[in-house]
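Reader: I would like to learn how to read the features of a model like this one. Please take them one at a time.

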Amino acid sequence: MIIHFHIRFYTKLGESLFVLGNSNALGNENIVKAVPMNYLNHNFWHARIELSEKDMQEGEFRYKYIFREDNGNQIIEWESDRVIDINAYKANEIVLYDTWNDAGAVDNVFYSKPFANVFFQSQPEKQKQAKKYTHEFKVKAAVLQKDEVVCMVGGNEPLCDWDTKTPVLLSQDGNWWKTTIDFSGQSFPVTYKYGVYNVKDKKFVRYETGNNRSLTDHISKNRLTVVHDGFVRMPLDVWKGAGTAVPVFSLRSRNSFGTGEFTDIKLLVDWAKTCGLKMIQLLPINDTTATHTWKDSYPYAAISAFALHPLYLNLKKVAGEENLPSLTALKKKQEELNALPVVDYEAVLKIKLEIIKELYQLHKDDFKNDKNYFQFFDLNRYWLVPYAAFCYLRDKYGTADVSLWQAHAKYDEDAIEKLVDISQPHYDEIALHYFTQYHLNLQLKEATAYAHRNGIIVKGDLPIGIARKSADAWVNPDLYSMDKQAGAPPDDFAIKGQNWGFPTYNWKKMQQDDYAWWRQRFEQMGNYFDAFRIDHILGFFRIWAIPLDAVEGILGRFVPAIPVHVDELYGRGISFSPSRYCEPFIDDFTLDKIFNVHANYVREHFLDRNGGSYKLKPHFNTQRKVERYFCDQPKDEFHHFIKYGLFDVISNIILIEEEGSDMQQFHFRINMDSVTSFQQLDWHSKEELKKLYVDYFYYRQDNLWMKEAMQKLPALKRNTDMLVFGEDLGMVPNCVPDVMKRLGLLSLEIQRMPKDPKTQFFHPNNAPYMSLVTPATHDMSTVRGWWEEDKNTTQLFYNNILGHYGKAPQFCDASICKEILQQHLYSPAMWCVFQLQDFLGISEKLRRENPNDERINNPANPEHYWRYRMHLTLEDLLQQKDFNEELKGLVAASGRGN
């Protein structure tokens, strides 16, 4: 059998196309063996293959196209549904006419998991197909209303001579709408167009947009033409959804145990459905238990990227009816913890872990014989066994720091298999973690399945990092750069930057197995979620890497980055010397400015004379050393002031040396012009450094960072059918919007964090369709809290964004909250999501009394205790009929309702 491939694609000199498939003739999915195509004309590229008898025996084959740019980069088209069933076609020659599927095409979003599995589930009845045919047409169209099907009309008799009363109706077959046409005796080219037809009303609804389509072809014996026409050209921005964002630990129900639990998600679903919402967005839910203290409340520092947090387990559901009496004694304690205004993380987790141990002993015999458990274990063995071993050793040695363990400090798979063997006397202490994860898995799956049945999707959160003291770092330390800390550069919410403490990723090592660890993470998230947010997606372009001896994020730099060479400095006439630029600049002016009346105290205790200036004593020459020293000092205002002043002294530098460059290459210290080291340079050096600084941060890195992202993100996105959002906030490189658009990733647009540096606020009306708009995230104060933070900012917002005259109210009343809510609901963005607190803000009756109690996290405080909890139960919220009806009406009026 001979197959001809034609692909519509416009190219320029130096660019080329290939076709790749799962047969020998198409390279067996080996991109190196892809079949080169030939330029046919300005419309098409062409390739011809002949299938062997062995290929024919396979029955069907899949294929896709590859575009090679003139710089050698290869882009694989996004289409994954090009399938030819050879045995189904009675022909010796098949001619394919295909349309390139771009990853950034908005249409592709509607074939992701939320739409395919939850929103768009109906399958219309199949239409009659011609049994004798010369051509088969296939096209995709996701956004159709009930009883609507794709239809086709054109300029000849088989296509009804443009008569829309009796169009050719297509049948849905998987993701494709298709029909067969017999063009025997017809002349070419054939012009045609797709449309939408309502089969219930027997009425033509509309044509697709754009020009007529045209097919130039001919008919011969034993020849079949298959046309893949891409997408029906229809307006897609009519589909919009709204949702709520809330951490699981923040949920409150009458039956939960001092914290939100997976079972509470069902009540949240009931409320969301009542109000016409379509999405529930959660924070990370992975196990963070490293110290068994409140410091583990930080949900982005998981000890496993795969294990769920025991905090979220509903004990009654695990116990079962027959064992409920064993929990009766805890009812009073449960009521006490559940009545607290916030989560008492340590108390809740301590009790839960104790009860889980008792429940394991009660259930262990049945549990170990459960077929469903064995299936779960087999599917998750690759992470579950190391995780359980890590937890056992953490508790045995009293620390998650593997370097302090007496045995197994270095992971060895064979040794761990022996450690977890069922014959070991401590096996129950290992299997306890299997038991816990199994039930967490059951409860979360039950909750998300309930959401799906009610037409609501659940969106997860993929943290950019993993905890330094984690099972992941223990098992695969080579995948991470353990000598670095990940964080973020300074912004308006954290002026010293952020230091998350995570190791950075060793991307070169990860690339060697095609990012297997990331693909496993995506697969694990896909077990529970329909969509997910990539936390700090900028980390896939470059990461803010901080030395281990630094405490504050201000001392970090971007990795990778093209450094500044010493010759660039000399060539600009800059008065450069390594010690002056790369070491802390400490003179009397600097000391007086930072420490004021305490400058002499600092000179005496922490500094040595160095000619006309000073240098730090060896015991205090890094931020980490200073931090350790002050751990043993009184925790008063004076010592706090001195400690952070010394941090500022240590960060009073201009350049950071590229490691191993022998003082030949350098990176700029962020916010260079704010330090006295820079301010006291000569005028010429300052002006030239400013120019070089702007080039370094805003121009020279763009191509490098785009290349980095395009090596990782396309391969990872291809491994999931979830809808992917990117948290593209902070110091965003120019290349980021382009990459996200090319890959079909939805951006995050926040009113008080505009991406345009020329504006103070972002207006939701200006959001792109492929985005999610929100007034605030979990890292910010709520709308009400923000309103009271800065009166000048609030005044500008009140006049310029809300469009009101006069003085802004001192407090954010319900009407203002509602106004901001409506601004977002009417945005052109596909998704509009609010923190639950901001929804409640539109009701004077339901809102919390103090808006400062509504904040989930303060990123400027590395010691923040994550403990926010709803102040009313979900059951009570469901009973607020007036409020729920009002909110449902607001959502419906904006076109985002059910």
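Reader: Which residues lie nearest the centre of the second largest pocket?

Author: A pocket is, on a 1 Å grid over the protein atoms alone, an open set of points where a 1.4 Å probe fits, with protein on both sides within 12 Å along at least five of seven lines; lining residues have an atom within 4 Å of a point. Here 38 residues line the second largest pocket, and Asp491, Asp492, Gly730, Met753 and Pro754 lie nearest its centre. This is a predicted model, in which local features need pLDDT of at least 70 and side-chain atom pairs count only at pLDDT 80 or more, while totals for chains, interfaces and linings use all residues. Residues are numbered from 1 along each chain as its sequence is written, and side-chain values use heavy atoms, with hydrogens and water left out.

Reader: How much space lies in the second largest pocket, and which helix gives the largest share of its lining?

Author: A volume is the space filled by probe spheres set on the points, with grid points joined across faces, edges and corners. For this pocket the value is about 1,200 Å³. Helices (H or I, at least four residues) and strands (E, at least two) are DSSP runs, numbered from the N terminus. Helix H21 (683–698) and helix H22 (702–717) each supply at least two lining residues, and the largest share, 3 residues, comes from H21.

Reader: What is a nonpolar core, and which residues touch the most other members of the largest one?

Author: A nonpolar core is a set of buried Ala, Val, Leu, Ile, Met, Phe, Trp, Tyr and Cys residues joined through side-chain atoms within 4.5 Å. Buried means under 20% relative accessible area, exposed over 50%, and partly exposed in between (1.4 Å probe, protein chains only). The largest core has 208 residues, of which Trp271, Tyr434, Trp517, Trp518, Phe668, Leu689 and Leu713 touch the most other members. Helix H8 (residues 371–397) gives the most to this core, with 14 residues. A second, separate core has 31 residues, including Ala105, Trp239, Leu748 and Tyr769.

Reader: How should I read strand E2?

Author: In a regular strand the side chains alternate between the two faces of the sheet. In strand E2 (residues 16–21), Ser16, Phe18 and Leu20 point one way, Leu17, Val19 and Gly21 point the other way, and all are buried. With 6 of its 6 residues buried, E2 is therefore largely enclosed by the rest of the structure.

Reader: Which strands pair with E2?

Author: Strands of a sheet pair through backbone hydrogen bonds, either parallel or antiparallel. Two strands count as paired if DSSP finds at least two bridges between them. E2 pairs with strand E6 (residues 60–68) in the antiparallel sense over 6 bridges, with Leu17 opposite Phe67. E2 also pairs with strand E3 (residues 35–36), again antiparallel, over 2 bridges; there Val19 has Val35 as its bridge partner.
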